[in-house]
Amino acid sequence: MQEFLEEKIRDKTARVGVIGMGYVGLPLAVEFAKAGFPVTGIDKDQSKVDRLNQGESYIGDVPTAVLAPLVASGKLRASTDFSLIRRLDTVNICVPTPLRKTKDPDMSFVVSACEELAKYFHSGMLVILESTTYPGTTDELVLPMLEETGLKVGKDFFLCFSPERVDPGNPTYQTLNIPKVVGGCTPECTEVAALFYSQSLETVVPVSSTKVAEMVKLLENTFRMINIGLVNEMALMCDRMGINVWEIIEAAATKPFGFMPFYPGPGLGGHCIPIDPFYLSWKTKQAGIEARFIELAGYINGQMPHFVADKVQNALNDHGKPVKGSHIHVMGVAYKRDIDDVRESPALDVIMLLQRRGAKITYSDPYVSELKLDGGAVKASPAEAAVPEADCVVIITDHQSFDYKAVAEQAKLVVDTRNALKGFSQPSIVRL
Ligand SMILES: NC(=O)c1ccc[n+]([C@@H]2O[C@H](COP(=O)([O-])OP(=O)(O)OC[C@H]3O[C@@H](n4cnc5c(N)ncnc54)[C@H](O)[C@@H]3O)[C@@H](O)[C@H]2O)c1
């Protein structure tokens with residue numbers, strides 16, 4: 001069975017499937033198709049499927065110019081029909097793994113994808129879970145669902161976990177050249193998956209088990225979350241002591257060893273850093289260990305939108321304006337620079353907090369034309385008009401295309417949470 005599948009992988013006749021065609025699944029499917037595999041993307045979202053089949057990309061990291069020829073040549077197609085799994089040799093699962101309100105893992109998307117997969121599962125398949133999750137998911141949740149079909153892992157089919165490490169908007173590292181860690185339920189599973197990825201991606205890093213592969217991703221994202229928490233706490237301390245935190249970080253980063261700069265900001269955002277570490281803390285609680293670094297960093301990072309709202313209110317007060325009734329213009333609502341993703345974006349919290357205090361909010365973001373808020377949808381307004389008009393401008397996301405010189409020169413008051421106005425010294429600028 002293993003040799004047969006490996007042969008199909010080597011000669012690129014293996015029929016490849018990707019379940020979940022979002023920020024992770026689409027770039028991955030594109031790499032498989034570019035390498036020469038026939039690829040089927042399966043997604044529940046009919047509108048994404050339709051756009052894909054028209055060769056139109058909805059993900060910033062995948063240019064339509066790259067996608068369209070793959071679709072036109074028949075190398076990549078999309079469908080909402082799970083029964084196509086019957087004809088697939090491999091399946092990568094890239095569905096969301098959010099948190100519930102209680103901060104417990106929401107595994108419903110993974111479970112639902114695996115239920116569909118199990119219906120059409122057949123021998124000789126390679127299945128790889130890529131959704132970020134707690135250690136143990138592949139062995140304890142996915143494997144039993146697939147073995148219920150009567151097939152045996154390592155013999156009849158191959159099951160692995162491979163963390164997705166894509167960094168949307170990163171021009172240097174993308175799916176192709178980010179090393180791919182993979183760990184299987186058995187050594188045979190790891191071998192098949194390593195061979196599969198090595199056909200399309202530059203570097204493959206096999207590890208000894210699914211749990212190791214799952215934990216690698218959590219270490220990486222917990223490392224980021226905690227370091228951001230540390231530097232955010234540093235920003236709070238510096239604010240109290242009247243020290244410029246940005247200058248400190250810049251000088252500390254000149255140390256050529258033993259220091260890695262992280263930067264403070266208005267809070268964490270996105271589908272990964274604010275969420276993934278809580279998958280780990282949920283799991284470790286079951287083992288009787290409290291993940292104290294994670295809880296503490298989560299608390300500090302969660303305070304940042306409140307700190308920013310207070311900073312705006314105080315800055316307005318210092319200019320003799322109450323926050324109530326003031327026009328505040330928010331620049332950037334995506335969770336990070338140069339992307340269109342607003343999931344968990346701290347901008348949403350800052351806007352909500354300022355609205356509650358009676359401010360009138362407008363926003364600009366070249367990547368987000370409309371924002372869904374509690375009170376309904378709001379359309380972006382052009383920054384050129386809003387910046388000179390607003391009582392206060394708040395820079396939440398430092399998109400490169402914003403005209404920061406104009407902001408520094410024209411805004412009556414600016415609260416800059418990203419040091420985007422580095423080099424400008426107008427008295428109207430208030431830094432984090
Ligand atoms: N976005 C990132 O930067 C990033 C980076 C690394 C890892 N991850 C992880 O990758 C996983 C996917 O994240 P994403 O950002 O690509 O999410 P996404 O929301 O962009 O895409 C998920 C896709 O899955 C589809 N879907 C949901 N349930 C489905 C089901 N049962 N069957 C078929 N399709 C289904 C959705 O319609 C959507 O198109 C998550 O676990 C996330 O933590 C994300």
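I take helices (H or I, at least four residues) and strands (E, at least two) as DSSP runs, numbered from the N terminus. The model is predicted, and local features need pLDDT of at least 70, side-chain atom pairs count only at pLDDT 80 or more, and totals for chains, interfaces and linings use all residues. Residues are numbered from 1 along each chain as its sequence is written, and side-chain values use heavy atoms, with hydrogens and water left out.

**Entry: the sheet**

I looked up the strand order of an open sheet and found five strands, β10-β9-β13-β14-β15, with parallel pairing. I count two strands as paired if DSSP finds at least two bridges between them. β10 and β15 (429-431) each have a single partner strand and stand at the edges, so one side of each lacks a neighbour in the sheet. On average, neighbouring strands here are turned by 20° against each other, direction ignored. Axes are lines fitted to C-alpha atoms, for helices over the stretch in contact, and angles run from 0 to 180 degrees between N-to-C directions.

I then checked β14 (residues 414-416), which pairs with β15 in the parallel sense over three bridges. Val415 stands opposite Val430 in β15. α11 packs on this sheet and touches β9 (327-331), β13 (392-395), β14 and β15; its direction makes about 155° with that of β13. Contact means heavy atoms within 4.5 Å.

**Entry: the second largest pocket**

I used a 1 Å grid over the protein atoms alone: a cavity is a set of points where a 1.4 Å probe fits but cannot get out, a pocket is an open set with protein on both sides within 12 Å along at least five of seven lines, and lining residues have an atom within 4 Å of a point. Grid points are joined across faces, edges and corners, and a volume is the space filled by probe spheres set on the points.

The second largest pocket holds about 810 Å³. It has 27 lining residues, and Lys103, Leu268, Glu344, Ser345 and Asp349 are the closest to its centre. α11 (292-318), α12 (346-356), β11 (370-373) and β12 (376-379) are the elements giving two or more residues to this lining. α12 gives the most, with five.

**Entry: the cavities**

I found two cavities of 30 Å³ or more. The largest has a volume of about 60 Å³, and its lining includes Leu28, Arg165 and Leu201.

The second largest cavity has about 30 Å³. Ile351, Gln355, Ile361, Thr362, Tyr363, Leu373 and Val378 line it. β10 gives the most to this lining, with three residues.
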